[in-house]
Amino acid sequence: MPQESRRSLDLRPRVSEAYTLPAMPDSPDSSNRPATDTTIDLDVAILGGGFGGVYCARQLGKRLGNQRVGILSDENHMTFQPMLPEVAGGSLAPRHVVNPIRQLARGAQVLKCEVTSIDVSTKIIHATAGAYTPDLTVRCKHLVIALGAVVDLSRIPGMPEHAYLLRNVGDAMKLRAAIIGRIEEANLVTDKKRRRRLLDFIVVGGGYSGTETAGQIIDLLNSIHRFYRNVDSDDYSVTLIHSRAVLLPTLAPNLGEYTRQVLEQNGVNVIVEHRVKAVTAKQVILDDSTALPASLVVSTVGNAPHPLLSGLIEEHGLETKWGKVMTDRFLRVPGLENVWAVGDCAAVPLAGEAEEWCPPNAQFALRQGQTAGDNIAACYPGNRRGLKEFTFTGLGELAAIGHHKAVANVFGLNFHGFIAWWMWRSIYLSKLPGLDRKLRVMVEWTLDIFFPRDISLLTPSYTSGVKETHLEPGDLLFQSGEPAFSFYMVKSGSIDITDDNQGLIRTIKSGGHFGERALLEDRRWRYNAVASEPSTLVSLGDHIFRQLVAGCGDISELLTQSAATYASQEQIDHVMERIPIAVRNRSVGDLMATGICSLAESQTVEQALEMLRSEPHSTYPVLKDNGEILGVLRRGQFYDLLKGDTVTMGTALRDVPLSQPPRVTPSMPVPEALETLIRSSKTKALVIDANSRLVGILSLVDLLEPAVDPP
């Protein structure tokens, strides 16, 4: 495609080489990506599409109308984050709190991509834009870092797996759908205790996002529960957990105390001076070991520096504050030429205050972006303006706490109650970008006063079939009789499988798995699964599990065999009844076989092959030099080893993968040995003495053969 001639006022970026998109296959494949990278030259590259980045681009558009400005963002819209709790609470439609960046910063190029690396010395940025487009290289003269912050919940076990976030409009939509989904489920439950377990909501963090979210959730529940015949007002609970003594610590203490009183009057249980220690699928553990039931957890804590920013800081030894890159009063990054930083990723000195930095909120990020735009424009020839310091100190802070009440500090004056709520709505409405959004939000807020909130359950699902679940000791994963939806693998920890009488069937340690029997049969749990220590599980959805079983015969056979290990006590007793009483009263030592053909760990594969030829058996124990059992070499397994490349005829048996059958002792009663064999899904067990030395082999046939009637 020939390049078009460009006039001097053309604001489109220069693309170094044209390319043609490939035909789109059914699924992305790296082999379908164009081989040629796209290179774009810009005067100013802005990393991030938040308030700081967008308003920097807007200001540059005013000051440098004919310069090339580009915003590199992983989204093509900017989110008005202060209103996300209202989206989660159903007061606002999601589309009303987002604005297309292209419409906000009309003079800038918007490059929707994910930045992968930054070279600040050469001002070269590498990014990827998707499965069907080439990798992107951006070269610029000025670089503005407006990456914001990310969420890191890894410090609290279970929080990453179970907590809902509120960072973008997708999070708010997901949270709203989850809340309404829970109340829809609870409406179908007749048992009041179980219904309450479904409606225990916990919000972690008593800052602005946390208090506003808790207030919105309780308002939503209070306003919609009347539409559900089986849900009473005492069935649901909302708990707010805060690590400090007073909510909203950046406001005056009396406003924080007022906030607590209002939330509690509306039905929120407020817990202060406690931190969350762990989160499980069904509860939240506090630092004093208190366990709170929870069916849904919202986290508004855990901000962390962007990984790209952390890499730059480490590479160039930049000064930091709380993991943010420090700037001077002109928003330049010291030590780096033509590099600027704004927003949540920057530690900007607060004017008039020694050793104080600007708070990470929208009003500061917006004005930092504007100031950075002015200062970058001042660097170009023909601009008479000099660099100006960032002198904004804030207009005030506001928080809506639910039920048409808010708290505010504006120009040093404190407000609370309805007047503060009216101020909150008026101020945020005026700051909302775009006249169309202002009108839409104003109409929707007005309708919200007269009509109930929308309870439509819209769940566009992008479900991952693989998930992680964290459990604390005593946490119940599932119980007998419940429907089965997942196959579980134990990543760490230990899970006890018990029957209805709390009898232990099997303990699944790290590396083990369970759930295959229920999924292979009637999708109903026959046992209980409870964590015996802090555990992390990886689960596969039922549909993925079935695809694996149907697509691979070996996996199907393996899982079918392992399913048999979860035999109930009734099934074991049924097998036991087929053994004569005289045999049941005997011990393993009376029935085991002692004529054993064994191998030494120092013997080679070639020597083992000679043994297989001269002494044909199904299994051959391999012994250590001191006589202890190392493992078992099976005949079928031996031939499989010879097919591979990792084992040669000279390989010592100690270096060969060996099977590990169950182990029993000579004094073990026959019933206990039979249960061991059944639960291990094995037909043979090694009989060892107190020193772990092999003394015999017990076969399942040895136990059952006396019960077989003669011909």
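The account below begins with the whole chain and then turns to individual contacts.

The model is predicted. Its chain has 711 residues, of which 48% count as buried. The secondary structure consists of 22 helices and 42 strands. Among the contacts with a separation of 6 or more, 67% join residues 24 or more positions apart.

Helix H5, residues 169-186, and helix H7, residues 208-224, have axes that come within 12 Å and cross at roughly 35°. The crossing of H5 and H7 is right-handed. On the H5 side, the residues that meet H7 are Leu 175, Ile 179 and Ile 183. Their partners in H7 are Thr 213, Ile 217, Leu 220, Leu 221 and Ile 224.

Charged side chains form the next topic. The structure holds 19 salt bridges. One of them joins Lys 141 and Asp 43, with an N to O distance of 3.2 Å. Lys 141 lies in the loop between strand S10 (136-139) and strand S11 (142-145), and Asp 43 lies in the loop between strand S2 (38-41) and strand S3 (44-47), so the pair ties together parts that are 98 residues apart in sequence. The two partners can also be described by their accessibility. Lys 141 counts as partly exposed because its relative accessibility is 48%, whereas Asp 43, at 2% relative accessibility, counts as buried.

A further salt bridge is formed by Arg 425 and Glu 86, whose closest N and O atoms are 3.8 Å apart. This pair links distant parts of the chain, with Arg 425 in helix H11 (residues 418-431) and Glu 86 in helix H2 (residues 84-88), 339 residues apart. Arg 425 is buried, with a relative accessible area of 10%. Glu 86 also counts as buried, at 3% relative accessibility.

Asp 374 and Lys 388 likewise meet through their side chains in a salt bridge, at 2.9 Å from N to O. Asp 374 belongs to helix H10 (residues 362-378), while Lys 388 lies in the loop between H10 and strand S26 (396-402), and the two are 14 residues apart. Asp 374 is buried, its relative accessible area being 7%. Lys 388 counts as partly exposed, at 39% relative accessibility.

Salt bridges also occur as a network. Lys 192, Arg 195, Arg 196, Asp 232, Asp 234 and Asp 235 are linked in this way.

A charged residue without such a partner remains to be described. Asp 200 is found in strand S14, which covers residues 200-204. What is the nearest side chain of opposite charge to Asp 200, and how far away is it? That side chain is Arg 197, at 7.1 Å. A salt bridge requires a side-chain nitrogen of Lys or Arg within 4 Å of a carboxyl oxygen of Asp or Glu. Asp 200 is thus buried yet has no salt bridge. Leaving aside neighbours within four places in sequence, the residues in contact with Asp 200 are Ser 237, Pro 293, Ala 294, Ser 295 and Leu 296.

Note on methods
Residues numbered from 1 in each chain as written. Predicted model: local features only at pLDDT ≥ 70, side-chain atom pairs only at ≥ 80, totals over all residues. Heavy atoms only, no water. Axes fitted to C-alpha atoms, helices over the stretch in contact; angles between N-to-C directions. Helix = DSSP H or I, 4+ residues; strand = E, 2+ residues; numbered from the N terminus. Left-handed = near helix turned anticlockwise from the far one by under 90°. Contact = heavy atoms within 4.5 Å. Buried < 20%, exposed > 50% of the residue type's maximum accessible area, 1.4 Å probe, protein only. Lys, Arg positive; Asp, Glu negative; His and termini not counted.
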